[in-house]
Amino acid sequence: MNEPIFRVVSDSDVLVMDVMTECPSRNAMDIIRASKQIELIASKELLDEAETAICLLSSKELSKKWRDRIEMDCEIVDQIEGDNSALSSAYFGRARHIVSCDSRLTSSKAGVIIKNRFEVSIKRPHAFVNLFGLRK
C-alpha cells in the first residue's frame, strides 16, 4: 500500500530562515527533506525571492549553492506574474500545505479568503512541525 504524498510549499521566508538560523523553519524544512512522503513545490519566482534574501544576508556564493541544491529537491511550477509566490506555487503545484511566517497568509481572515478560492492549509513552521513531525 502506497503512502500518501503531501505536496508542500515553503514560503520564501521559511526557506531563508532555514539557511540562516536554527529555528522552527529549519525544523520544518528538515522534516520535508527527510520524508519520502512530502514533496516540496516552488515557483521560480519564489526561489528567486529566497535566493536574493540569502545573498543579501550572507553571500552570493552561499545563495548560489543553496539555489543549486533546492532546485534538485523540489518540483518547479509556473506562476502568474504579480501573484503571491507561495499561493501561486501551491495553486499551480496542487499543494495542500503552505509553510509560512507571513501574517498576511497565516491570519484567520486570510484563511477564509483563500479557502474560498482553493483548498490549502497554511501553517506557521512550528505548527507544521507539530503536525508532520509525528509522521515517520
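Begin by selecting Ser88, which sits in helix H5, residues 85-92. Helices here are DSSP runs of H or I with at least four residues, strands are runs of E with at least two, and both are numbered from the N terminus. The model is predicted; local features require pLDDT of at least 70, side-chain atom pairs count only at pLDDT 80 or more, and totals for chains, interfaces and linings use all residues. Residues are numbered from 1 along each chain as its sequence is written, and side-chain values use heavy atoms, with hydrogens and water left out.

Is Ser88 buried or exposed? Ser88 counts as buried because its relative accessibility is 3%. The classes are buried under 20% relative accessible area, exposed over 50%, and partly exposed in between, with a 1.4 Å probe and protein chains only. Display next the residues that Ser88 touches, not counting those up to four places away in sequence: Asp78, Gln79, Ile80, Asp83 and Gly93. Contact means heavy atoms within 4.5 Å. For Ile80, the backbone nitrogen lies 3.5 Å from a polar atom of the Ser88 side chain. Such a polar contact is a pair of N or O atoms within 3.5 Å; within protein, one must be able to donate a hydrogen and the other to accept it, and residues adjacent in sequence count only if both atoms are side-chain atoms.

**Asn84**

Move to Asn84, in the loop between strand E3 (74-77) and H5. Its side chain places a polar atom 3.0 Å from the backbone nitrogen of Leu87. Asn84 counts as partly exposed, because its relative accessibility is 30%. Leaving aside neighbours within four places in sequence, Asn84 is in contact with Gln79 and Leu105. A distance drawn from Asn84 to Cys23, 61 residues apart along the chain, gives a C-alpha separation of 24 Å.

**Arg94**

Select Arg94 in the loop between H5 and strand E4 (97-99). This residue is not a glycine, yet its phi is positive, near 55°. At 54% relative accessibility, Arg94 counts as exposed.

**Ser100**

Continue to Ser100, in the loop between E4 and helix H6 (103-106). Ser100 is buried, with a relative accessible area of 0%. Which backbone nitrogen does the side chain of Ser100 reach? It is that of Asp102, at 3.0 Å. Apart from neighbours within four places in sequence, the contacts of Ser100 are Asp11, Asp13, Val14, Leu105, Thr106, Ile122, Lys123, Arg124 and Pro125. Leu105 can stay displayed from the Asn84 stop, where it was also a contact.

**Arg33**

Now select Arg33 in helix H2, residues 24-34. Arg33 is partly exposed, with a relative accessible area of 36%. Beyond neighbours within four places in sequence, Arg33 is in contact with Asp18, Arg26 and Arg69.

**The whole chain**

Finally, zoom out and colour by secondary structure. The protein has 8 helices and 5 strands, following the pattern β-α-α-β-α-α-β-α-β-α-α-β-α along the sequence. The C-alpha atoms fill a box of roughly 40 × 35 × 25 Å along the principal axes. Of the 136 residues, 43% count as buried. Among contacts with a separation of 6 or more, 69% join residues 24 or more positions apart.
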